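Trainee: I would like to learn how to read helix packing, strand pairing and a few contacts from a model. Please take one feature at a time.

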Amino acid sequence: MQFPGRRKKLIGSSQNDLYDHCLQFYGQPPLENISLAEFETFAVERLKLLKTVENIGVSYVKNSDQYSKKLEAEFSSLNFPLKTELGDRKVQGGISEYEKRRKDHISHFILRLAYCQTEDLRRWFIQQEMDLFRYRFGELTPKHKTDFLHKNNLKYETVSAEEKKSLKDKLITSSYGLSGITVEEYDFYKVPFQDALDLVRTRKVYLLAGNAYIPHHEIVTIVLNDFRTRLSKALAMTARSLPVVQSDERLQPLLSHLSHAYVGQDYSIQKNIGKISLEQIDALSGKSFPLCMRHLHKALRENHHLRHGGRMQYGLFLKGIGLTLEQALQFWRSEFVKGKVDADKFDKAYAYSVRHMFGKEGKRTDYTPYSCMKVILSNPPSQGDYHGCPFRHSDPELLKQKLQNYKVSPSGINQILELVKGMHYQLACQKYFELTHNVEDAGFSLNHPNQYFTESQKLLGGGREIKKEVDMSQQSQENPASVTRPSQANSKQAHEEMGDLDSFFQDE
């Protein structure tokens, strides 16, 4: 495909000029042709990187050794650039540094198209790209930092040795972690104070005559502000031109899918098919279901009905954990007939949709359980609905009450609510997993409700397959009778199929 924009007028004799530094502000859009397969691969791999940046940023102190090691490993596994020198030589079993920089450049612009569509998506994308940029800038040597500043016309005035000497005491007093020796060794930049408001606000710099004196290690704050401003404006411009891009029928489904894409294990393949009995579901809901599915299960048991959004979310989850078609039909029929739906009405109005979900009707497509991103970003619940993500869609006070009912400790509830406040909904669910399973670190990044179930069963079963035993005490606790979060290659197909499935889940 051809990226829109100015035809190939790259500065210099080749694209090496564009990729001569391992870091960039992404001011020049890519102008080359790429295949749709490469388009999607680049986008998914950058999305994996940004989600890792988000998860690591909450789990570890930013810029700490652990934080840096985790991100460095992710860069290496996904083939994104970290080296400061450009070369065409391929590493054994890998790709060249030039190809890594090309991928970094193109993938950023692809995700701009996907994440410019709403304010929430733009905010998330800007935050993760800023954290990624901060890490990468911090890994540069002083020489490469200076080269980056000059390359991007950030020509801040360097404080002369004489001026540093005359202001030495003031610079040491006002700049964190500096001594007389470091003042002499480090470069300082003279920047208009309005460009360094974050540093001024936290009293990290010396002010004189309207200028802030920025030590070299703090210049990242200024650069980040510039990067954020540029990216925010670029996303706004991209959003205005998005209708033109979406008119391309090849790209529209890909971009729609990317904004809530799931990039983890494929749970459409049932590994535990037939290993779950219907009698186990009540017990499993209390031990191994994520909060969203636990909430849906409780609502179904109490009301003997779920509206179409809840049936889709919960039904595909149950299919993913191992329920067969026959079990699913029995499960939904037995629960609905306890309410206002008799067996004949269920067979006429609801059984078809269950068979359709299992690929036995209509297009005979085997549908995939919802990922966390799909649950969070699509089809928010309205009054009378129970689907969605409790961490995203519940009022904080109601969420607090729910967690208290499930015996989560007060300190644990506070940790979860802080993550929710920061809009880290999947991390809040992961914290819920850790608290309810009494582990310090879950050891995985949660992206899918079925992943939650699988990891829970591994932990509770000591790594064995799902246990057949039913915890009767847990079952009675969860039973209301006793109690008054598509595969990459098929994203377009999956988008169409899920829309088609929606039509079969209509309430009367």
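Predicted model: local features only at pLDDT ≥ 70, side-chain atom pairs only at ≥ 80, totals over all residues.

Trainee: Which residues of H3 and H10 make the contact?

Mentor: H3 contributes His108, Arg112 and Leu113. From H10 come Leu231, Ala234, Leu235, Thr238, Leu242 and Val245. Sorted by class, the residues of this contact of H3 with H10 are six nonpolar, two polar and one charged.

Trainee: What does an angle of about 165° say about H21 and H22?

Mentor: Angles over 145 degrees count as roughly antiparallel. Helix H21 (residues 410-421) and helix H22 (residues 425-436) pack at about 165°, and are therefore roughly antiparallel to each other. Their axes are 8 Å apart, and H21 passes H22 in a right-handed crossing. On the H21 side the contact is made by Gly412, Gln415, Ile416, Leu419 and Val420. On the H22 side are Tyr425, Leu427, Ala428, Lys431, Tyr432 and Leu435. By class, this contact of H21 with H22 has eight nonpolar, two polar and one charged residues.

Trainee: Are H22 and H23 roughly parallel or roughly antiparallel to each other?

Mentor: Angles under 35 degrees count as roughly parallel. The axes of H22 and helix H23 (residues 449-460) cross at roughly 20°, so H22 and H23 are roughly parallel to each other. These axes come within 12 Å, and the crossing of H22 and H23 is right-handed. H22 supplies Cys429, Tyr432, Phe433 and Thr436 to the contact, while H23 supplies Tyr452, Glu455, Ser456 and Leu459. The classes in the contact of H22 with H23 are five nonpolar, two polar and one charged.

Trainee: Now the strands. In what order do the four strands form the sheet?

Mentor: Read a sheet by strand order, then by direction. The four strands form an open sheet in the order S1-S2-S4-S3, with antiparallel pairing. The edge strands are S1 (157-158) and S3 (206-208), each of which pairs on one side only. Strand S2 (residues 188-192) and strand S4 (residues 211-215) run antiparallel and are joined by five bridges. Lys190 stands opposite Tyr213 in S4.

Trainee: Where is His304 found, and which residues is His304 in contact with beyond its neighbours within four places in sequence?

Mentor: His304 is found in the loop between helix H13 (291-303) and helix H14 (308-321). Leaving aside neighbours within four places in sequence, His304 is in contact with Ala299, Glu335, Phe336, Lys338 and Gly339. The C-alpha atoms of His304 and Glu335 are separated by 5.3 Å, although these residues are 31 residues apart along the chain.

Methods:
Residues numbered from 1 in each chain as written. Heavy atoms only, no water. Contact = heavy atoms within 4.5 Å. Helix = DSSP H or I, 4+ residues; strand = E, 2+ residues; numbered from the N terminus. Nonpolar A, V, L, I, M, F, W, Y, C, P; charged D, E, K, R; others polar. Pairing = 2+ DSSP bridges. Axes fitted to C-alpha atoms, helices over the stretch in contact; angles between N-to-C directions. Parallel < 35°, antiparallel > 145°, perpendicular 65-115°, else oblique. Left-handed = near helix turned anticlockwise from the far one by under 90°.
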